[in-house]
Amino acid sequence: MDKQLEILLKNNDSDGIKDFFFEKEMEFYNGDMADIIISLDTDIPNYDCLVDTIGIANEYLSTELFTDDKAMYCINTYPTDTSNLYFVRKEEFGLDDGYAVVNQLIFTNLENR
């Protein structure tokens, strides 16, 4: 996880979180809308603060399910209140009863996909 974001979340600093994402949004638009991926820990500190601050929706925008010889994968994409910013939750259910989660926030232009 980005250290600056981690500190802001641990301090429950909504204004700082808003500023962090505003800077990332400007970076996204100034970079010809190239994807910006912000990796998050599996256990996000003050998750509720993050959800409330950037407005992560309760219902997913899209979901993808697929499998291979090792696991089943589920990818859910949730919109936020910020244009072109999405919360992505990737879950892996291993055939050997393993389980893993990867959370990301991604600035991307879905219209070009």
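This report covers the sheet, the helices, the nonpolar core and the salt bridges of a predicted model.

## Basis

In this predicted model, local features need pLDDT of at least 70 and side-chain atom pairs count only at pLDDT 80 or more, while totals for chains, interfaces and linings use all residues. Residues are numbered from 1 along each chain as its sequence is written, and side-chain values use heavy atoms, with hydrogens and water left out.

## The sheet

Five strands form an open sheet in the order S1-S5-S4-S3-S2, with antiparallel pairing. S1 and S2 (62-67) are the edge strands, each pairing on one side only. From one strand to the next, the twist averages 20 degrees. Strands here are DSSP runs of E with at least two residues; helices are runs of H or I with at least four residues; both are numbered from the N terminus. Two strands pair if DSSP finds at least two bridges between them. Strands of a sheet pair through backbone hydrogen bonds, either parallel or antiparallel.

S1 and S5 are antiparallel and joined by five bridges. In this pair, isoleucine 36 stands opposite phenylalanine 107 of S5. Helix H2 packs on the sheet and touches S1, S4 and S5. The direction of H2 makes about 150 degrees with that of S1. Such angles run from 0 to 180 degrees between N-to-C directions, with axes fitted as lines to C-alpha atoms, for helices over the stretch in contact.

## Two hairpins

S3 (residues 71-79) runs antiparallel to S4, and nine bridges join them. Alanine 71 stands opposite glycine 94 in S4. The two strands form a hairpin with five residues between them. Asparagine 84, in the turn, has a positive phi of about 65 degrees.

S4 also pairs with S5, in the antiparallel sense and over nine bridges. Here arginine 89 faces asparagine 103 in S5 as its opposite residue. S4 and S5 form a hairpin with four residues between them. Its turn holds aspartate 97, with a positive phi of about 70 degrees.

## The nonpolar core

The largest nonpolar core has 21 residues. Such a core is a set of buried Ala, Val, Leu, Ile, Met, Phe, Trp, Tyr and Cys residues joined through side-chain atoms within 4.5 Å. Buried means under 20% relative accessible area, exposed over 50%, and partly exposed in between (1.4 Å probe, protein chains only). Leu5, Ile17, Phe21, Ile38, Leu50, Ile54 and Leu105 touch the most other members. At least two core residues come from each of H1 (3-10), H2 (14-30), S1 (36-40), H3 (47-54), S4 (85-94) and S5 (99-107).

Which residues does isoleucine 38 contact, leaving aside neighbours within four places in sequence? They are Leu5, Phe20, Phe21, Lys24, Asn103, Gln104, Leu105 and Phe107. Contact means heavy atoms within 4.5 Å.

## Helix H3

The buried residues of H3 are Cys49, Leu50, Val51, Thr53 and Ile54. They pack against H1, H2, S1, S4 and S5. Just after the helix comes glycine 55, with a positive phi of about 70 degrees.

## Salt bridges

The whole structure has three salt bridges. Each is a side-chain nitrogen of Lys or Arg within 4 Å of a carboxyl oxygen of Asp or Glu. An α-helix has 3.6 residues a turn, so residues three or four places apart point the same way. In H2, lysine 24 and glutamate 27 are three residues apart, about one helical turn. Their closest N and O atoms are 3.9 Å apart in a salt bridge. Lysine 24 counts as buried at 18% relative accessibility, whereas glutamate 27 is partly exposed at 44%.

Shared partners join Lys3, Glu6 and Lys10 into one salt-bridge network. Lysine 3 meets glutamate 6 at 3.2 Å, N to O. Both lie in H1, three residues apart, about one turn of the helix. Lysine 10 also bridges to glutamate 6, with the closest N and O atoms 3.2 Å apart. Those two are four residues apart in H1, again about one helical turn. Is glutamate 6 buried or exposed? Glutamate 6 is buried, with a relative accessible area of 13%. Lysine 3 is exposed at 59%, and lysine 10 is exposed at 53%.
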